[in-house]
Amino acid sequence: MDIQRKKGLLDICVLAVLARGPSYGYKIVGDVSQCIQISESTLYPILRRLETSGCLTTYTAAYNGRTRKYFQLTELGREKIDVFLSEQDEMRRIYQFIETQYKEGTV
């Protein structure tokens, strides 16, 4: 997949995982990887960018004697998911247009 397209989709996938509730890095990687490949080294810059833009917040909590950083979706993050989902029909039309043009060009 094109790296720029994938980058935008990864942001939304991370936000969608957090829509279920707060989570931590390793778990987010596992959840997102069910749909699209992501590594921890890719995830953390995404999480920092989403936090800086106000789409998520962080907090720490003790877990098995260690401190774990959790990420939580904000209202702005929910709005970003809503906008993405509202663009579905437009994206479908674009894909259909490209497919039609390509097929007509190969006949």
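Which residues do ring pairs link into a cluster? They are Tyr24, Tyr59 and Tyr70. Keep in mind that this is a predicted model: local features need pLDDT of at least 70, side-chain atom pairs count only at pLDDT 80 or more, and totals for chains, interfaces and linings use all residues. Residues are numbered from 1 along each chain as its sequence is written, and side-chain values use heavy atoms, with hydrogens and water left out.

**Overall layout**

- The protein chain has 5 helices and 2 strands (DSSP runs numbered from the N terminus: H or I of at least four residues for helices, E of at least two for strands).
- Starting at the N terminus, the order of elements is α-α-α-β-β-α-α.
- The chain is more spread out than a compact globule, because its radius of gyration is 17 Å, well over the 13 Å that the globule rule gives for 107 residues (the radius is taken over C-alpha atoms, and the rule is 2.2 Å times the number of residues to the power 0.38).
- Along the principal axes, the C-alpha atoms fill a box of roughly 65 × 25 × 20 Å.

**Burial and contacts**

- Of the 107 residues, 28% count as buried (buried is under 20% relative accessible area, exposed is over 50%, partly exposed is in between, with a 1.4 Å probe and protein chains only).
- Take the contacts with a separation of 6 or more: 45% of them come from residues 24 or more positions apart (a contact means heavy atoms within 4.5 Å).

**The tyrosine cluster**

- Searching the whole structure turns up 2 aromatic pairs (rings of Phe, Tyr and Trp, the last by its six-membered ring, pair if their centres lie within 6.5 Å; planes under 30 degrees apart are stacked, over 60 edge-to-face, the rest tilted).
- Tyr24 and Tyr70 make an edge-to-face pair, 5.9 Å centre to centre with 85° between the planes.
- Tyr24 sits in the loop between helix 1 (3-19) and helix 2, and Tyr70 in strand 2 (residues 66-73), so this pair ties together parts that are 46 residues apart in sequence.
- Tyr59 and Tyr70 are stacked, at 5.4 Å centre to centre and 15° between the planes.
- With Tyr59 in strand 1 (residues 56-63) and Tyr70 in strand 2, that pair ties together parts 11 residues apart in sequence.
- Tyr70 is buried, at a relative accessible area of 15%, whereas Tyr59 is partly exposed at 34%.

**A look at Asp31**

- You'll find Asp31 in helix 2 (residues 25-32), and it is buried, with a relative accessible area of 14%.
- Leaving out residues up to four places away in sequence, Asp31 touches Val17 and Arg20.
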